[in-house]
Amino acid sequence: MEEKYQEVVDAFRNSTKMKIITLLLNNKKMTVTEMSRYIKTTRSNLYQVISTLVSIGMVKEPEVRPKKNYVEKYYSLNDDYFAFHDENLEDKLVDLSDNDFREILSSFLMAQSFNLEIIASSVETLPTSEISKLKKNWNFQIMSYGTCTSEAAKNLSPIIKNELKKVSNDGCEPDTMFLFLTLPLFFKGFKGKTTIKKR
């Protein structure tokens, strides 16, 4: 368990690994060529990173599909790898060094930004019929952004966590995604110059 925890932490602190995991969560199976259209890095670097994920069992051995003059290798996540629960995971994350915690938080947020970009691109290409279906089911969809006090966030957090435990154990095939973030306003009142790095 400890070794797997360290592997997950290492993956979360690496933006390329997080983006690969995000892509495979959304698309189930992809080739490195397909991934390279979304991840701005060299294909050789992608092969190297995904080989590491395969070696630790986070990604399955590729499914080889012969084409006319070549073969395509399709990669997918190993669901069994992620089927573990560590009650002390949150404590372990808090016990990380400040720099390690910074890297993981930054990488996670970048990956979610990447995830939302993918979803936005998909929405842009949805046919009108699918948009109509989306509107009909909008009564249980949530799009919200706001601020609250730390005390309110502390009260809200356990409620969300308890509900997520229920839905993760309902045994149904997932057809809806969710993303919850509660973060301190660490930029509140910041008057210095902000530099946005291109990644």
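How do α2 and α4 lie to each other, roughly parallel or roughly perpendicular? Here are some friendly notes on that point and a few others.

Before the details, please keep in mind that this is a predicted model: local features need pLDDT of at least 70, side-chain atom pairs count only at pLDDT 80 or more, and totals for chains, interfaces and linings use all residues. Residues are numbered from 1 along each chain as its sequence is written, and side-chain values use heavy atoms, with hydrogens and water left out.

1. The overall layout. The protein has 8 helices and 2 strands, where helices (H or I, at least four residues) and strands (E, at least two) are DSSP runs numbered from the N terminus. Going along the sequence, the pattern reads α-α-α-α-β-β-α-α-α-α.

2. The packing of α2 on α4. Two packed helices are described by the angle between their axes and the distance between the axes. Helix α2 (residues 15-27) packs with helix α4 (residues 43-55) at an angle of about 75°, and their axes are 10 Å apart. The axes are lines fitted to C-alpha atoms, for helices over the stretch in contact, and angles run from 0 to 180 degrees between N-to-C directions. Angles under 35 degrees count as roughly parallel, over 145 as roughly antiparallel, 65 to 115 as roughly perpendicular and the rest as oblique. That answers the opening question: α2 and α4 are roughly perpendicular to each other.

3. Who meets whom there. From α2, Thr 16, Lys 17 and Ile 20 meet Asn 45, Leu 46, Val 49, Ile 50, Thr 52 and Leu 53 of α4; contact means heavy atoms within 4.5 Å. The cut-offs are under 20% relative accessible area for buried, over 50% for exposed and in between for partly exposed (1.4 Å probe, protein chains only). Leaving aside residues up to four places away in sequence, Lys 17 touches Asp 10, Ala 11, Val 49, Thr 52 and Leu 53.

4. Salt bridges. Side chains of opposite charge can pair when their charged atoms come close. The structure holds 3 salt bridges, each defined as a side-chain nitrogen of Lys or Arg within 4 Å of a carboxyl oxygen of Asp or Glu. Lys 29 pairs with Glu 63, with the closest N and O atoms 2.6 Å apart. Lys 29 lies in the loop between α2 and α3 (32-36) and Glu 63 in strand β1 (residues 63-66), so this pair ties together parts that are 34 residues apart in sequence.

5. Lys 29 is partly exposed at 40% relative accessibility, Glu 63 is partly exposed at 31%, and Arg 65 is partly exposed at 30%.

6. Glu 130 and Lys 133 meet through their side chains in a salt bridge (3.4 Å, N to O). Both lie in helix α7 (residues 128-136), 3 residues apart, about one turn of the helix. Glu 130 is partly exposed, with a relative accessible area of 32%.

7. A nonpolar surface patch. Leu 116, Met 177, Leu 179, Leu 181 and Leu 183 make a nonpolar surface patch of about 430 Å². Patches are made of residues with over 30% relative accessible area and no salt bridge: like charges are joined within 9 Å, nonpolar side chains (Val, Leu, Ile, Met, Phe, Trp, Tyr) within 5 Å. Leu 183 lies in the segment after α8 (150-168) and counts as partly exposed at 39% relative accessibility.

8. Ser 15, in helix α2, has its C-alpha atom 9.4 Å from that of Leu 109, which is 94 residues away along the chain. Ser 106, in helix α6 (residues 98-124), has its C-alpha atom 9.4 Å from that of Asn 14, 92 residues away along the chain. Ser 15 is partly exposed, with a relative accessible area of 26%, and Ser 106 is partly exposed at 26%. Among contacts between residues at least 6 apart in sequence, 59% join residues at least 24 apart.

9. Surface totals. Of the 199 residues, 22% count as buried. The accessible surface comes to about 15300 Å², of which 54% belongs to carbon and sulfur atoms. Accessible areas come from the Shrake-Rupley method with a 1.4 Å probe; for residues, only the protein chains shown count as cover.
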